[in-house]
Amino acid sequence: MRHRLTTSDRTGEPLRQGAAIERGLLGRSMRRDSRARRMVLAAFIYVVCASVYAGVAGRERLTEHTAFNHYALLAEAWLHGRQDLGGPPPAYTQNNDFAEYKGKTFISFPPLPALLMLPFVKLAGSAENFRDGQFVIWLSGMAPAFLFLALEKLRRTGRSSRLESENLVLAFLFAFGTVYFFTAVEGTVWFAAMVVAAAAMALFVLFALDAERPILAGTMIGCIWLSRPPALLLSLLFALEAMRVSTDGGFPSEGSWTKRLRSTLARLNVGALARRYALFSIPILVSFAVVAWMNWTRYGRATPLYFDHTFLTVGWQARILRWGLFGYHYLPKNLGIVLTSLPWLPTPGDPAALGAPFKINEHGLALWFTTPLYLWVLWPKGLNSDPERKWLYCSVAISAALPAVLGLLYQNSGWRQFGYRFSNDYAVFLFVLLALGARPMKWLFRAAAAWGVAWNLFGAVTFDKARFDRFYYRDGSQTIVYQPD
């Protein structure tokens, strides 16, 4: 039935009333410090980030599956009721990073990304029909959006002096001014897990502050364990926050350390602390059980710890068998890459330069080079005058240091990469420190931010793209860290 134009329609009165109602709803949803406003801004961050990632990734990433779609292959194996692939890996994967055990081929990476892909692989009909790179890109906008919510919680609870606009800036700098940028547009197996884990990390911070949501915080740690196991060590933040809020009157701020410790223990509500720890632990234990079950069904070993990588069929398996997956042996090379790896300037007339003004070793660029804003973490402002903020700053810093150290002891530097991709395991925490550090965003900060965005945009656009190979130096042996003489 066609709508008849009424007198009220002609005068425009109902239209004006409808517009007024719409403006009222919009006004209430965007009221400062309202939950609705935070959700709207987080959604805005997600849309912007996902759109930029999709645009930079390009048509091939959006319309085809990646060459290293291990998680989609794992999801397909589950759909066929098995843990192994049922045969050798597809030829297009180049047999890269698969585990071989008793004649069977397994995916050696933690399973959560595959679980997220499972229903879509089912709908697509096969792993080859599923666009895994595009799927990862749509997930990639979540971490910056969730980080904004965590930073806003710090502001609302008075522990961060950052303005809402500054938190927006920090969220976008995380998205585009760190190696998360090139990670987000890659979409392949080595980067997909980092995208999933980064989103879980940001939510973990949101739930762990004040130990406010123990079960949800534990769930996020469980998700991290099933995506990026080294980042499990970030759970220290919840342990310290739970101890603080379980101490009547909070931690003392005066006296010697021994006196403060005795006072804290005397006022500690052990029962409340135990309840928080128990609730936090339940989801983590469930994630351990998942890993133990997978290891039992695959290898006959019911261990909750990952060890699939010891079965990798890769050229450097010998060093893993000799030195282990983690060890001091790997520290010097990894430290050199994280701290000193810079672009190579070609020698005059070098035909290998192919017209490129510089080359980047695929061990990746130094962390401070790709994101100089991290240097601001070393000089926080005004902590001594604010004991509660100082405690939180130290708690976050120590928690971030644990997976950072573990990454430096790992058998692989992260090769192949544009920048040090293992920093994704704690980058969310570094941005929390930037918020807590309270250094003003003056011209030097802005210059460092612009530098980071420019270089990481370059990395996202050029890395792993055949037409830009001239900018990268690739050494399949993984032994050349610095420019040869």
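Biologist: Happy to start with glutamine 417: is this residue buried or exposed?

Modeller: This is a predicted model, in which local features need pLDDT of at least 70, side-chain atom pairs count only at pLDDT 80 or more, and totals for chains, interfaces and linings use all residues. Residues are numbered from 1 along each chain as its sequence is written, and side-chain values use heavy atoms, leaving out hydrogens and water. Buried means under 20% relative accessible area, exposed over 50% and partly exposed in between (1.4 Å probe, protein chains only). Glutamine 417 has 0% relative accessibility, so this residue counts as buried.

Biologist: How far is the backbone nitrogen of arginine 421 from a polar atom of the side chain of glutamine 417?

Modeller: Glutamine 417 sits in the loop between helix H19 (387-408) and helix H20 (427-437), where helices are DSSP runs (H or I, at least four residues) and strands likewise (E, at least two), numbered from the N terminus. From a polar atom of its side chain to the backbone nitrogen of arginine 421, the distance is 2.9 Å.

Biologist: Which residue meets arginine 416 in a salt bridge?

Modeller: A salt bridge needs a side-chain nitrogen of Lys or Arg within 4 Å of a carboxyl oxygen of Asp or Glu. For arginine 416, the N to O distance is 3.3 Å, and the partner is aspartate 464.

Biologist: How many residues apart in sequence are the parts that this pair ties together?

Modeller: Arginine 416 belongs to the loop between H19 and H20, and aspartate 464 to the loop between helix H21 (443-462) and strand S4 (472-473). The pair therefore ties together parts whose separation in sequence is 48 residues.

Note on methods: A polar contact is a pair of N or O atoms within 3.5 Å; within protein, one must be able to donate a hydrogen and the other to accept it, and residues adjacent in sequence count only if both atoms are side-chain atoms.
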